[in-house]
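Hi,

Here's the structure I said I'd pass on.

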Amino acid sequence: MSTVYALLFIVATAVLVIGLATKIAQYARTPAPLKIPTTPAPVTQTGVVMRMFREVVFFESLFKSTKWTWIFGWLFHMALFVVLLRHLRYFMDPVWLPIELIQPFGVYAGFAMLAGLGGLLIRRIFVDRVRYISAPSDYLWLLLLIIIGVSGLMMKFVAHTDIVMVKQFFTGLMGFSIGTLPIDFALLVHLALVALLMILFPFSKLLHVPGIFFSPTRNQVDNPREKRHLADWAKAMEE
Amino acid sequence: MAKAEFDVPELQEYVDVPELVEGTMAHLSPYVAKPVHNTPLGFPGELVDDWHDKVLEKLDDLRSRYRSLQVYLDACVKCGACTDKCHYYLSTKDPKNMPVGRQDLLRKVYRRYNTFAGKYFPWLVGAKDLTRETLDEWYSYYHQCSQCRRCSVFCPYGIDTAEISMAAREILDSVGYGQKYCNEIIAKVHEKGNNLGLPGPAILDTLEGLEEDVFDETGVAVKYPLDVKGAEILLVTPSADFFAEPHVDGLIGYGKVFHEAGVSWTMSTTASEAGNFGMFIGSYENMRRVALRIRQAALELGVKRIVFGECGHAWRVAYAFLNTLAGPFDFLDPRYPVPQHICEYTYDLIQQGKLRFDKSTNDDMTLTFHDSCNVARATRMGDKPGGQFDIPRAVIKAVCNNYVDMDHETIGERTFCCGGGGGLLTDDLMEIRVKGALPRMTALQNVIKEEGVTHMAAICAICKSQFTKVLPYYGMEMDQIVSVHQLVSNAIILTGQNSDEEDADSDDEADGDA
Ligand code: HEM
Ligand code: SF4
Ligand code: SF4
């Protein structure tokens, strides 16, 4: 069983890294031939970095849009972020001080994440407009994340897992040596779904993560009159 | 109230987000372009036999040339934030008029043929085969999008449905399934130099007529020059300004401003059109061809500056794309931005104290201002973000005593489209135009009732034409829409005009037809 999981995580990591890198390369390679920032837009590069920061950290546009989605979505993402940071302790020895310090918040974050996800799921089911645009995969993503969250919290509150062993397994795996995992139902579910998430990431709507940084309406400087902006394929027309 | 073959929505105090009703607008499609409209633009005359493969090829081609398209097809998380932001959804309840619903028409095909999940598990991710019905559905709903970009303001990733609908229209054009209205107009620009197909002599005639009118009214010989070599400024303005109300009153205003500034200026027959419908159909090639006329005119006439008249999408192409499409403009005076908007020009003169106004000439009106979508969300004026909102308002306030804004949720970057932008300003789409105007009409009605507003000013030829047609459907008068430079024209005091400024202040002078 441990070997299966070890291989699963090696594959999942490879798919995630290679898949995302391919997508990012595709986005980076594709030119944006015209200046299309949604205005009012920043007129300097620093301004654009600030705009992007507000989008990524506060979901500024979503905040303008719908408060409920913003509350649930932001809660879920921020909590996810804290949870991910907390998980770093399984991959480093000794554990970095800031990661040590956030450990106590990690548990609250786990619940906050579930609350956010629950809100998003309810919205998806009950708001007719959101239901209309949802494909089965859109529900499944939320369910997947909810089950990951629940199984994670179960290990904390219901059936304790030997996390020292888990840590040894993952730090070992990072040096490509296969250790043993505790055979706990919650842990196995948790890890299998996390691996699934990693594998699906580059082929799904989770591409919003690299996507936001490449969105021309958000990442362009509003200076078309000052600076000529020309894509290579457009330049070819001039010759 | 004008007659209609469809239900005109009733104005309420607010526009509530409706429950969706599928298919309410499925019946509406604009006239299809004929070979005569398509071939001058470089498109196949009519729907080609191998459209299926050609559509998919074109989609691949566009994805490799437009980052926006590629990223936007991938990134949407179906969060629903945009679903209640489109004026066409709010007024028609049709879920395919929700921005994401509209995008999905193309996205489901992209997913089916270009993504792993869609190839092997189409039902899981809502991927669909490309069929003849898909094509018709694209044709219908991508011509119910005015490319106003309101949705892109609210999407957490800035997904801009306008980019998607431009791409879809380009795909349709590439297989010979284009829209008559846009393609016919672009063909006219290529051939005649303007959207209306007005020949040079007709323009000259009109301009001479204007000179006479202004002289009769003011006693001042304001010139409206055409094709004058060596002029300082080239004015490029939408062709509607040459004859239609209230557009032409704006043109009269630009002329008076130039006159008072004491600057030499000219218009051009080659570039007798600011509009560029190449943008609406997403065709870089056609947009570029249309834009190059302006460069050519500037070179031929040897001007130093280019100024654009009041037109929304034209200002987008001018402000955001002209340098790209037809630049570099290093042969023009580097002290001024290329191009400038007439509002920027007038505003600068006001700041410098070079213009004098008698604001009381506009006292019979209480004004509000409609931010046109392309100006609001795709351009700027002046050097600060948001200048596109402040500068036109500053100009209006400099020439009018009575001004109020509409509900803040409906102006500025959140402005609602007039309903007729993006190549929809054609009679065959009247139903969607009238319905789409609902949010703007509601906000206008509210300031009419609460603040005594009598007129709405705009700086877009499409908005002005659209409102002229649509206001009567909502029980308002067609002449309640005015040009900003019409207000300037009313109030400006020309040096040496009939009743000179001393008694202009005492306000007893006949103020023309204002
Ligand atoms: C740069 C980092 C990220 C940013 C800026 C971001 C932003 C957003 C935003 C604004 C939304 C829409 C609001 C909502 O529905 O919550 C969203 C949705 C979503 N995000 Fe992210 N996200 C990020 C990272 C992630 C990661 C790492 C995951 C998962 C591992 C994730 C999973 C999701 C899911 C599943 C949804 C859809 C929620 C729903 O169904 O309503 N996001 N994201
Ligand atoms: S661009 Fe405007 S018309 Fe088109 S979907 Fe978005 S909000 Fe609607
Ligand atoms: S707001 Fe953006 S991400 Fe959300 S559903 Fe609309 S297009 Fe998709």
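Of the 239 residues in chain A, 49% are buried. Keep in mind that this is a predicted model. Taken along the principal axes, its C-alpha atoms fill a box of roughly 65 × 40 × 40 Å.

Now for the surface of chain A. Phe111(A), Val150(A), Met154(A), Phe157(A) and Val158(A) make a nonpolar patch of about 470 Å² there. Helix H7 (residues 136-157) of chain A gives the largest share of that patch, with three residues. Val158(A) sits in the loop between H7 and helix H8 (163-174). Its relative accessible area is 64%, so Val158(A) counts as exposed.

Over on chain B, there's a surface patch of negative charge, where Asp205(B), Glu208(B), Glu212(B), Asp213(B), Asp216(B) and Glu217(B) gather. One of them, Asp216(B), belongs to helix H12 (residues 200-218) of chain B. Is Asp216(B) buried or exposed? Exposed, because its relative accessibility is 61% and the cut-off is over 50%.

Last one: helix H2 (residues 51-65) of chain B. It has 15 residues, so at 1.5 Å a residue it should span 21 Å, and that agrees with its end C-alpha atoms, which are 21 Å apart. The buried residues of H2(B) include Trp51(B), Val55(B), Leu56(B) and Leu59(B), and also Lys58(B), Arg63(B) and Arg65(B).

Cheers

Definitions and conventions:
Residues are numbered from 1 along each chain as its sequence is written. Chains are lettered from A and ligands numbered from 1 in the order in which they are written. This is a predicted model: local features need pLDDT of at least 70, side-chain atom pairs count only at pLDDT 80 or more; totals for chains, interfaces and linings use all residues. Side-chain values use heavy atoms; hydrogens and water are left out. Patches are made of residues with over 30% relative accessible area and no salt bridge: like charges are joined within 9 Å, nonpolar side chains (Val, Leu, Ile, Met, Phe, Trp, Tyr) within 5 Å. Accessible areas come from the Shrake-Rupley method with a 1.4 Å probe; for residues, only the protein chains shown count as cover. A salt bridge is a side-chain nitrogen of Lys or Arg within 4 Å of a carboxyl oxygen of Asp or Glu. Lys and Arg count as positive and Asp and Glu as negative; His and the chain ends are not counted. The place of a charge is taken as NZ of Lys, CZ of Arg, CG of Asp or CD of Glu. Helices (H or I, at least four residues) and strands (E, at least two) are DSSP runs, numbered from the N terminus. Buried means under 20% relative accessible area, exposed over 50%, partly exposed in between (1.4 Å probe, protein chains only). The expected span of a helix is 1.5 Å times one less than its number of residues.
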